[in-house]
Amino acid sequence: MSDTQTTSRRQLSAPPPPVTGPRSRRGTETTPRQWIARAFVAAVLIGFAAFFILPIIWLILSPTKTARELLLSAPFSIGSLDQLAANWNSLMAFQDGIFLTWLGNSTLYSFGALVITLIVSIPAGYALALVEFRGRRVLLLTTLIVMLVPNTALVLPIFLELSALRLLGTPLAVILPFSFFPFGVYLTYIYFSTAVSKDLLNAARIDGAGELRVFAQIAMPLATPVIALVGFFNFVGNWNNYFLPFLMVGGDKVPVQVGLANMLSVVPQFNPTTSGSVVIELPTLALATLLSVAPVLLIFLFSQRFLVEGMTAGGTKE
Amino acid sequence: MSEHSSSSFRRGTRLFSLTAAAAGLLLVSGCTGGTSAAVNDEYGFATAEQVEGDPITVWVDASREPAVTAFKAAHPDIPIEYETYDGNAGGSGSFQTKIALLDQSGEGWPDVVFSTQQNDATWAARENNGVQAFAAPLNEGYLDQDFLDGFAPGALDPVTVDGTVYGLRNDLAQVVTYYNQKLLTEFGYDVPETWEDYEALGVKLAAEHPGYILGSVGDSWMPYVYYWGAQAPIFQTDGDTFSSDTASDESVEISRILDTLIDNGTLVQDSYFSSTFAETYADKVVALPGPVWYTGAIFQTALQVPAGEIGVGAPLHWEGEEVATGNVGGGIWYASSHSENLDAVETFLEFVTSSDEFQVELSSGYPAYSSAAEGWLAKQADANYFLDGFDEEMISAGASVWDGWGYARFSPETGWATVIVPGLAAGTSIEEMLPAWQEAITNDATVNGYTVK
Amino acid sequence: MTDTRSIVTKAGVDRRGRRRPARLSGASAGGRQTRFGYVFVSGYTLLLLGFGFIPMLYAIYLAFTRNGQFAGLDNFVKVFADYRFLPAVAHVSIYILFWLVSLIVLVVVLALIVHGISARWLSGSIRFLYYIPGAIAGASSVMLWLFILDPTVSPVSWLLKLFGLDSFVQVLALDNLPIIFTVIAFWTGAGGWIVIMYGALNNVPRDVMEAARMDGAGPVNTAWHVQLPMLTKWISYMGIMSLAAGTQLFVEPRILSQASRGVVPENYSLNQLAYLYAFKQNDFSGSAAISLILLIVALGLSTIFILKGKLFERE
């Protein structure tokens with residue numbers, strides 16, 4: 001990448017490398033004004049961190065308690081590991097370990113849709129941004145309009161379509177609608193139109209490169225951040241989607257979100273009148289929630305680097 | 001430029017006609033075109049073509065999964081598949097949602113569905129958008145009348161529309177009066193038998209033993225306990241007509257009693273499941289009216305009252321009037337009118353509602369089928385939690401559910417939760433809120449297609 | 001030393017130093033581009049037709065018919081006359097106001113601040129922490145909010161009591177709901193947008209930032225005059241998506257309705273009303289009418305973002 005070129009050049013000519021952020025400009029001392037600014041910034045960041053994280057910490061501590069402890073003891077108290085094990089057993093015993101089946105289903109649906117989404121969305125966004133063809137604006141406009149339609153209105157027609165195609169109850173009934181990701185196409189479109197120069201591509205075209213080569217060899221290498229972004233948001237959106245899979249599949253084909261809703265229905269707190277013999281307590285539900293969230297967080301952790309890389313090369317002047 | 005525009009115009013029209021054609025296909029597939037098949041005399045309704053040995057699909061919630069397992073063990077020759085769903089819990093409407101979509105597509109219905117709500121017959125027993133009613137009529141030739149007579153009196157009321165029975169009751173939730181004998185003896189009080197007794201007890205408690213309570217009004221099912229039990233005509237249906245009169249004598253009187261007890265502190269506003277209730281009132285409950293499922297959920301789990309203290313008495317009623325009580329729950333099994341193996345469905349339904357293997361051994365609710373109920377009560381007696389005599393009280397209460405309460409496509413719980421509960425929290429009395437509550441109920445009725453009388 | 005890369009400007013400069021027109025015209029090149037353009041968008045267009053466009057047409061068809069017969073504006077009249085309609089409109093409008101303003105302002109500010117952190121590990125960790133709530137959705141969070149919003153058991157009960165709210169029911173009073181929903185939606189949604197904005201900020205060329213620094217611009221000035229203008233397209237995109245999410249408010253009220261066992265009404269928002277029409281009252285036409293109204297409103301408001309943010313233009 002041109003990073004090394006930039007830095008080496010800089011090292012030859014000028015003082016410290018440029019950084020976009022609050023830093024002392026000259027000399028080594030920070031003025032009181034800058035200290036206050038820094039303190040303010042730190043306070044804001046920590047404040048928001050607390051806002052986002054405190055409920056999560058509570059959720060993480062919940063599976064270590066019994067239902068009564070959850071209700072009566074201090075919110076941030078820690079229960080016991082034994083209780084955690086008991087809650088785990090309770091979760092696994094629920095309908096003979098169907099929780100793992102749900103997780104498996106979620107994985108299948110989300111990854112299946114991810115593959116298809118990337119294959120169709122990245123080239124589409126690229127073309128919308130950087131290729132001349134008639135109907136470009138119509139496509140953009142249609143995408144935007146469709147994104148604004150409440151999905152309550154789309155549910156029935158999609159259900160009918162899939163029913164007519166005999167796909168209801170099969171994984172494809174979930175994977176195909178999941179692969180329709182206009183948000184991702186728009187993201188890709190914006191990304192390509194702001195971060196890649198058309199002239200770069202035109203130059204290549206002038207040089208005789210075919211469209212496929214232009215796409216594969218010039219645009220794609222620059223597209224890592226947006227591929228990661230689109231892939232990630234698609235995966236997470238599908239992982240967390242309740243309504244569509246709820247309608248399209250049932251029984252043990254449901255993903256973990258629908259499964260959690262089923263579990264919720266046997267928590268006495270939420271459904272006292274069912275006189276159920278199978279009971280799930282709140283700490284067990286908390287454990288299930290955490291486990292269902294963990295894959296998303298793990299993927300985020302690993303892909304953060306790609307998500308925010310931005311464009312340091314390609315399109316920027318030397 | 002003009003050639004561009006004309007060819008793009010042509011392309012545009014071509015694209016449009018293509019999508020219009022596709023949309024048209026969609027319409028055609030969506031049209032179910034009203035099944036006006038002939039009524040099958042043997043069953044009493046228009047059946048689908050029967051296929052012997054066709055596997056039946058059952059939708060149950062997690063708690064009823066043992067029923068399917070028990071059935072498989074008892075009838076290994078009948079092919080059965082099942083799917084668990086949320087059981088239509090808490091008014092989630094999953095049952096109705098899925099059937100609505102399946103109706104539109106014209107195929108794919110399950111054969112049996114279990115719902116934890118009691119009011120599904122209000123939509124499942126009628127034709128919807130041109131498609132035959134989902135719930136199959138059971139007493140027009142399909143199931144034996146002898147079998148149907150084995151249910152407790154009134155148990156099948158929620159699913160009976162114009163004399164036709166559309167489902168089978170799984171469990172009852174009749175309201176009885178629970179009392180803490182230990183505290184009553186300690187304070188020297190009698191078990192309350194009437195609403196007037198209940199009020200008097202509350203007044204005495206507040207004066208002599210403040211801090212002890214007679215229940216809570218903070219949960220959404222309170223209308224069933226207090227207003228149904230008081231025979232207040234606030235939720236009455238007659239076909240598609242609905243009426244609610246919160247200004248009637250019974251309604252005003254029970255509201256007044258509730259207000260008195262709320263004001264003097266013997267009725268609290270904290271939900272039975274809240275931390276406050278568990279912390280503060282666990283051992284301070286002297287008596288309270290409630291459905292039979294309070295045993296496990298409230299007394300043993302939330303409050304953890306030790307065995308041998310709680311007794312069960314007759315439901316509270318008006319002095320001088322006959323005993324009538326309310327009902328808070330009870331699931332229903334429905335058979336699909338589109339089923340292709342109605343014989344298997346019949347065997348299944350009879351098994352899950354009346355068999356000992358499920359209802360006595362595995363079910364935690366009070367069975368609606370009388371013979372199973374006796375077995376269930378015997379099992380409870382073995383557990384020795386309640387004082388003696390609870391079984392007779394439960395049986396007689398089960399037969400005394402007031403039949404003047406209606407079942408509608410919406411629930412009275414909504415009005416209670418959105419009007420009364422916040423109003424109480426803000427300090428308004430129930431009597432003051434009665435007109436607003438009635439308005440909320442009747443508004444709900446109107447949007448759900450009822451004519452309000 | 002030159003290479004084939006050129007500046008991000010309207011008129012490029014090619015290797016030979018001559019000015020080039022911004023678009024490559026010419027019949028053969030245009031034709032080839034057109035063809036491949038279609039190839040590239042073909043997969044997506046299929047999905048768009050199948051799961052977006054045709055269903056939308058069907059919904060429009062439903063909105064103007066009743067049981068297959070043409071019904072003109074009957075469905076709309078019925079919906080407008082529904083006693084729940086206007087309150088739902090009010091609820092959603094207030095919510096959108098709170099939601100859009102807080103989201104756009106706070107996300108941009110936070111993204112700028114986080115972007116300014118030089119330590120990579122810190123910046124990455126903070127982004128991760130801010131994102132975590134976004135992974136918890138729908139059913140999973142019912143139990144969470146049941147506890148968080150109940151002053152008797154909440155980890156933030158001191159905050160709730162500060163506002164004079166002592167019970168769960170008081171917290172969920174109808175007037176408080178827009179704020180609560182905004183908080184919940186922000187809590188789950190902000191992290192993701194911060195990540196996107198952060199990436200967008202990374203696209204601002206280093207030399208431009210350095211030039212601003214050299215000119216003596218402090219962080220605030222740099223943000224206002226340099227970074228924000230380059231984020232216009234992204235911000236307007238965020239605005240549109242948040243507008244769409246706002247008008248389609250459904251999940252948060254449903255969660256709280258479940259958690260509070262009915263105290264929060266199930267017809268709070270317009271989208272919920274559409275759901276009730278379709279699946280509770282078996283009135284798919286009325287539901288489609290409500291959805292159409294929502295769509296038109298969202299479209300109308302979005303045009304502001306599109307025009308001001310020049311979303312359809314390419315440089």
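This is a predicted model: local features need pLDDT of at least 70, side-chain atom pairs count only at pLDDT 80 or more; totals for chains, interfaces and linings use all residues.
Me: Where is A:Phe76 placed in chain A, and which residues is it in contact with, leaving aside neighbours within four places in sequence?
Reply: A:Phe76 sits in the loop between α3 (67–72) and α4 (81–93) of chain A. Its contacts are A:Ile57, A:Trp58, A:Leu61 and C:Pro155.

Me: Why is α9(A) called largely enclosed by the rest of the structure?
Reply: Buried means that 20 or more other C-beta atoms lie within 10 Å of a residue's own. In α9(A), 13 of the 14 residues are buried, and therefore the helix is largely enclosed.

Me: What is the secondary structure of chain A, and what share of its residues is buried?
Reply: Chain A comes to 15 helices and zero strands. Of its 318 residues, 50% are buried. Among contacts in chain A with a separation of 6 or more, 73% are between residues 24 or more positions apart.

Me: How many helices and strands has chain B, and what does its C-alpha trace span?
Reply: Chain B has 17 helices and 15 strands. The trace spans about 95 × 65 × 40 Å along its principal axes. Buried residues are 52% of the 453 in chain B.

Me: What is the order of the five strands in the open sheet of chain B?
Reply: The order is β2-β1-β3-β13-β6, with mixed pairing.

Me: Why are β2 and β6 of chain B said to stand at the edges?
Reply: Strands pair if there are at least two bridges between them. β2 (80–84) and β6 (167–169) of chain B each have a single partner strand, so one side of each is left without a neighbour in the sheet. On average, neighbouring strands of this sheet are turned by 20° against each other, direction ignored.

Me: How do you know that β1 and β2 of chain B pair?
Reply: Two bridges are enough to call strands paired. Strand β1(B), residues 56–60, is joined to β2(B) by five bridges, and the two run parallel.

Me: What makes β1(B) largely enclosed?
Reply: Five of its five residues are buried, so the strand is largely enclosed by the rest of the structure. B:Ile56, B:Val58 and B:Val60 point one way, while B:Thr57 and B:Trp59 point the other way.

Me: Which residues of helix α12 in chain B are buried?
Reply: Those in α12(B) are B:Leu342, B:Ala344, B:Val345, B:Phe348, B:Leu349, B:Val352, B:Thr353 and B:Ser354. This helix, residues 342–354, has 13 residues and reaches 18 Å from first C-alpha to last, close to the 18 Å expected.

Me: Which residues touch the most other members of the largest nonpolar core?
Reply: They are C:Ile194 and C:Met197, in a core of 330 residues. C:Ile194 touches, among others, C:Val107, C:Leu110 and C:Tyr130.

Me: How many residues of chain A are in contact with chain C, and what is the class of those residues?
Reply: 102 residues of chain A are in contact with 103 of chain C. The chain A side has 72 nonpolar, 20 polar and 10 charged residues.

Me: What makes up the side of chain B that touches chain C?
Reply: Here 27 residues of chain B are in contact with 23 of chain C. Helix α16(B) gives the largest share of the chain B side, seven residues. By class, that side has 10 nonpolar, 16 polar and one charged residues.

Note on methods: Residues are numbered from 1 along each chain as its sequence is written. Chains are lettered from A and ligands numbered from 1 in the order in which they are written. Helices (H or I, at least four residues) and strands (E, at least two) are DSSP runs, numbered from the N terminus. Axes are lines fitted to C-alpha atoms, for helices over the stretch in contact, and angles run from 0 to 180 degrees between N-to-C directions. Two residues are in contact if their C-beta atoms, placed from the backbone, lie within 7 Å. Ala, Val, Leu, Ile, Met, Phe, Trp, Tyr, Cys and Pro count as nonpolar, Asp, Glu, Lys and Arg as charged, and the others, Gly among them, as polar. A residue is buried if 20 or more other C-beta atoms lie within 10 Å of its own, exposed if 12 or fewer, and partly exposed in between; C-beta atoms are placed from the backbone. The expected span of a helix is 1.5 Å times one less than its number of residues. A nonpolar core is a set of buried Ala, Val, Leu, Ile, Met, Phe, Trp, Tyr and Cys residues joined through C-beta atoms within 7 Å.
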